[in-house]
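Okay, thanks for coming, everyone.

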Amino acid sequence: MRTQVCIIGGGPSGLLLSQLLHRKGIDSIVLERKTRDYVLGRIRAGILETGFVELMREAGVGARMDAEGFTHDGTVIAYGEEEFGISFHAHTGTDVMVYGQTELTRDLYDAREAANGKLVFNVEDVQINDAQSEAPYVTYHVDGIAHRIDCDYIAGCDGFHGVSRQTIPTSVRREYEKVYPFGWLGVLSETPPVHNELIYSWSERGFALCSMRNANLSRYYIQCSLSDSPDDWTDTAFWGELKRRIPSRHAEALVTGPSIEKSIAPLRSFVTEPMRWGRLFLCGDAAHIVPPTGAKGLNTAASDIHYLYHGLVQFYQDKDTAGLDAYSEKALARVWKAERFSWSTTNLLHRYPDQSEFDLKMQRAEIDFLRGNDAAQKVFAQNYVGLPY
Ligand code: RFL
Ligand code: PHB
């Protein structure tokens, strides 16, 4: 088989790239290790930056998002019983969209299938070959049968545990990592959200986040120990702990119900450099991970796709490789800023096992400063709605 762009990974990054390229008449094949249902069963991000929302529309998959998504023009930061709002709209003139990763991935799958897009599921043993040459190719197996795809370029959109990043030799690849000493226990429940905006809550017992997907679907998180397993947490224990970590007026208003999903995610900051090796380009979680505190994971994947998409269009339309040549540098410049925001928001709001009284005073002072300082709120808002592409 031959295609122009071979895309490894059928998560949001790979699907969005494939759909955007299709709209410009550029052919691609998406190779996915799992099934469509498996990918859609993963409950992950829920907040889309303005740039991502526009990219979805440009890809022709914005209709359901625009009809069913919720615009949020601010967020709440709580500290014990105290709380204050940060208006995105007042500070940046823009906002964010609440629309689940599951939903947008479903929209992308539907669009690719409607356009007879080439998606191959259950692929095994994916190998990237000759990425440094003019004629790279990808080999893989499905049901024990070997396949080969020849292509011009390869997009490594296969997440943190994929093969694409590992293909870049260690002599070239540089990795930067910070692992945090806690995780997030997340619960999805068919209950109305406790508040119309997200609440990011510092508490003596650890961080909590109140988020949502729609009017009757809530997403809540609490900071937990890395040694915890979801089975250690009954629904009753989870709701009790969440209530103790948010201001009491919200705790009293909280509607609880059975969890329909419960999982633990460890928190990590990770960046690999460079994001290009010959004709292989890394995108999204394959190249970088952020802790979820700033809602940047999926959004940073989208900005990579924006740069790569424009680079590929420039190549196929004008025979100009300038965009592709600048990809790694441009993507990394934005990635590092998202890493900084996610890291600093995590530091601001979580309890650390070895925190001293001094460290706690510093957190308190930073939150106080954010509460009282317009410029600090503006910086927060600019980062949250997303830095320009
Ligand atoms: P994905 O979504 O991981 O998709 C990669 C796809 O590649 C497939 N794959 C392979 N396919 C072929 N061959 C191989 N060898 C392959 N290896 C892997 C996988 O099956 C998968 O379908 O990466 P992508 O597309 O870059 O998208 C990134 C986002 O998914 C990610 O940034 C966010 O979901 C991160 N994230 C969160 N971000 C937020 O902004 N808010 C959140 O609340 C949030 N929660 C999360 C998260 C990530 C999590 N992970 C990765 C464990 C919760 C979790 C649990
Ligand atoms: C979510 O709704 O899953 C969510 C929202 C904001 C975050 C992280 C996760 O910062």
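Let's start at one spot: Asn214 sits across from Leu217 of strand 16. Before I go on, keep in mind that this is a predicted model.

That pair belongs to a bigger arrangement. Strand 15 and strand 16 run antiparallel to each other, with six bridges between them, and the link from strand 15 to strand 16 is a hairpin of two residues.

Strand 16 has another partner too. Strand 13, residues 174-189, pairs with strand 16, again in the antiparallel sense, and there we get seven bridges. If you want a place to look for that pairing, find Leu188, which is opposite Arg219 of strand 16.

So how covered is strand 16? Buried or exposed, what are its residues? Eight of its eight residues come out buried, so to speak a mostly covered strand. Now, as a reminder, side chains in a regular strand alternate between the two faces of the sheet. Here, Leu217, Arg219, Tyr221 and Gln223 point one way, while Ser218, Tyr220, Ile222 and Cys224 point the other, and all of them are buried.

Hold on to Tyr221, please, as we move to the ligand. Which residues are closest to ligand 2? There are 13 residues around ligand 2, and the closest are Tyr200, Ser211, Arg213, Tyr221 and Pro292.

Now the polar contacts. From Tyr221, a polar side-chain atom is 2.6 Å from an oxygen of ligand 2. Ser211 also has a side-chain N or O atom 2.6 Å from a ligand 2 oxygen. With Thr293 the backbone is involved: one of its polar backbone atoms is 3.3 Å from an oxygen of the ligand. As for burial, ligand 2 on its own would expose 280 Å², and the protein buries 97% of that.

Where does the shell come from? Two elements give two or more residues each, namely strand 15 (208-214) and strand 16 (217-224). Strand 15 has the largest share, with three residues.

Stepping out to the domain level, domain 1 (5-70 + 98-177 + 268-345) and domain 2 (180-267 + 350-385) each supply at least three residues to the shell around ligand 2.

Methods. Residues numbered from 1 in each chain as written. Chains lettered and ligands numbered in written order. Predicted model: local features only at pLDDT ≥ 70, side-chain atom pairs only at ≥ 80, totals over all residues. Heavy atoms only, no water. Near = heavy atom within 4 Å. Polar contact = N/O pair within 3.5 Å; in protein donor to acceptor, adjacent residues only side chain to side chain. Areas by Shrake-Rupley, 256 points an atom, 1.4 Å probe, with all protein chains shown as cover. Helix = DSSP H or I, 4+ residues; strand = E, 2+ residues; numbered from the N terminus. Domains from an automatic or database assignment. Buried < 20%, exposed > 50% of the residue type's maximum accessible area, 1.4 Å probe, protein only. Pairing = 2+ DSSP bridges.
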